[in-house]
Amino acid sequence: MSEDRVQVSGAGQSPALSPAQGLAVERSSSLLLYVARALAPEAGERIVVRHDPVRDGVVSLSVTVPTESLGRVIGRGGRTAGALRTVVGALAQRSGLAAK
């Protein structure tokens, strides 16, 4: 199975996350997984959301979906992926993380 990735990144205030910011990253990951599974239900359990450790104040979330479902997650012209970035970024901002 070939897989591709959609990146969603946010920049933190400091290299170390506070407990509230850690919770925000976890909630953002859960939201991203929920929405990705809703967009591509045929992919089911093959959708994976991963967050990388903080490096230089940047928290990176990535969604891995099967190639046949990639178009549904990215959307026409990237609009769905852009909306995902906006929603996840707004959730992260509530705990002091800035998303770009």
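This is a predicted model: local features need pLDDT of at least 70, side-chain atom pairs count only at pLDDT 80 or more; totals for chains, interfaces and linings use all residues.
Me: Is helix 1 roughly parallel or roughly antiparallel to helix 3?
Reply: The two helices pack with their axes 9 Å apart and at an angle of about 155 degrees. Because an angle over 145 degrees counts as roughly antiparallel, helix 1 is, relative to helix 3, roughly antiparallel.

Me: Within what arc do the buried residues of helix 3 fall, seen down its axis?
Reply: The buried residues of helix 3 are Ala81, Leu84, Val88, Gly89 and Ala92. They line one face of the helix, since seen down its axis they fall within an arc of 125 degrees.

Me: Which residues are exposed on the other side of helix 3?
Reply: Whereas Ala81, Leu84, Val88, Gly89 and Ala92 are buried in helix 3, its other side carries exposed residues. These are Arg79 and Thr86.

Me: Does serine 29 count as buried or exposed?
Reply: Serine 29 lies in helix 1, which covers residues 19–39, and, leaving aside neighbours within four places in sequence, serine 29 is in contact with Val49, His51 and Leu61. Its relative accessibility is 8%, and because buried means under 20%, serine 29 counts as buried.

How values were computed. Residues are numbered from 1 along each chain as its sequence is written. Side-chain values use heavy atoms; hydrogens and water are left out. Buried means under 20% relative accessible area, exposed over 50%, partly exposed in between (1.4 Å probe, protein chains only). Helices (H or I, at least four residues) and strands (E, at least two) are DSSP runs, numbered from the N terminus. The arc is that of the directions from the helix axis to the C-beta atoms. Contact means heavy atoms within 4.5 Å. Axes are lines fitted to C-alpha atoms, for helices over the stretch in contact, and angles run from 0 to 180 degrees between N-to-C directions. Angles under 35 degrees count as roughly parallel, over 145 as roughly antiparallel, 65 to 115 as roughly perpendicular and the rest as oblique.
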